[in-house]
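The following exercises call for reading a structural model step by step. Please examine the sequence and the coordinates before turning to the solutions.

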Amino acid sequence: MKSNIEKVYSKLPKQELSAHKVDLNMVSDLNTAYNALMKIKDKMDDDLAKAKKSAIMGDSGITNFNKLFKNIEEAAKSLGTSVKDLNLQKLVGDVKNMEKEFNKVIEA
């Protein structure tokens, strides 16, 4: 017993049948490509969510770092010295750069 589609194909001229098979294959390929893109998008969304969570945690760490640094500044000042004498400029600069990177991810 023939399926409905086979019955339709048997009534079509051979040339049109070939064209319909090509069309069906193209639609199938298009659906396959679409499904692959959806998987990539879903993974990207998951990765972005994880990155934002990490950036928020990093931002919290920045806040803690800044509080500690302020305490060191105050302690140094009370001892009559400067934070510059402690050679922390590179450390502070690195943390400022991290903060910019965290904010980029959070705002994305």
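The exercises below concern this predicted model.

**Exercise 1.** Determine how many helices and strands the protein chain has, and in which pattern they follow one another.

*Solution.* The secondary structure is counted first: the protein chain contains three helices and zero strands. Reading along the sequence then gives the pattern α-α-α.

**Exercise 2.** Describe the burial, the surface and the contacts of the protein chain as a whole.

*Solution.* Begin with burial: of the 108 residues in the protein chain, 10% are buried. Next, consider the surface, where the accessible area is about 9200 Å² and carbon and sulfur atoms contribute 61% of that area. Finally, take the contacts with a separation of 6 or more: 58% of them join residues 24 or more positions apart.

**Exercise 3.** Identify the aromatic pairing in the model and classify its geometry.

*Solution.* The count comes to one aromatic pair. This pair is formed by F65 and F69, with 6.4 Å from centre to centre and 5 degrees between the planes. Planes under 30 degrees apart count as stacked, and the pair of F65 and F69 is accordingly stacked. Both residues belong to helix α2 (residues 14-78), where they are four residues apart, about one turn of the helix.

**Exercise 4.** Assign F65 and F69 to their accessibility classes: buried, partly exposed or exposed?

*Solution.* The cut-off for buried is under 20% relative accessible area, and partly exposed lies between that value and 50%. F65 has 21% relative accessibility and therefore counts as partly exposed. F69 has 16% relative accessibility, so F69 counts as buried.

Definitions and conventions:
Residues numbered from 1 in each chain as written. Predicted model: local features only at pLDDT ≥ 70, side-chain atom pairs only at ≥ 80, totals over all residues. Heavy atoms only, no water. Helix = DSSP H or I, 4+ residues; strand = E, 2+ residues; numbered from the N terminus. Buried < 20%, exposed > 50% of the residue type's maximum accessible area, 1.4 Å probe, protein only. Contact = heavy atoms within 4.5 Å. Areas by Shrake-Rupley, 256 points an atom, 1.4 Å probe, with all protein chains shown as cover. Phe/Tyr/Trp six-rings, centres within 6.5 Å; stacked < 30°, edge-to-face > 60°.
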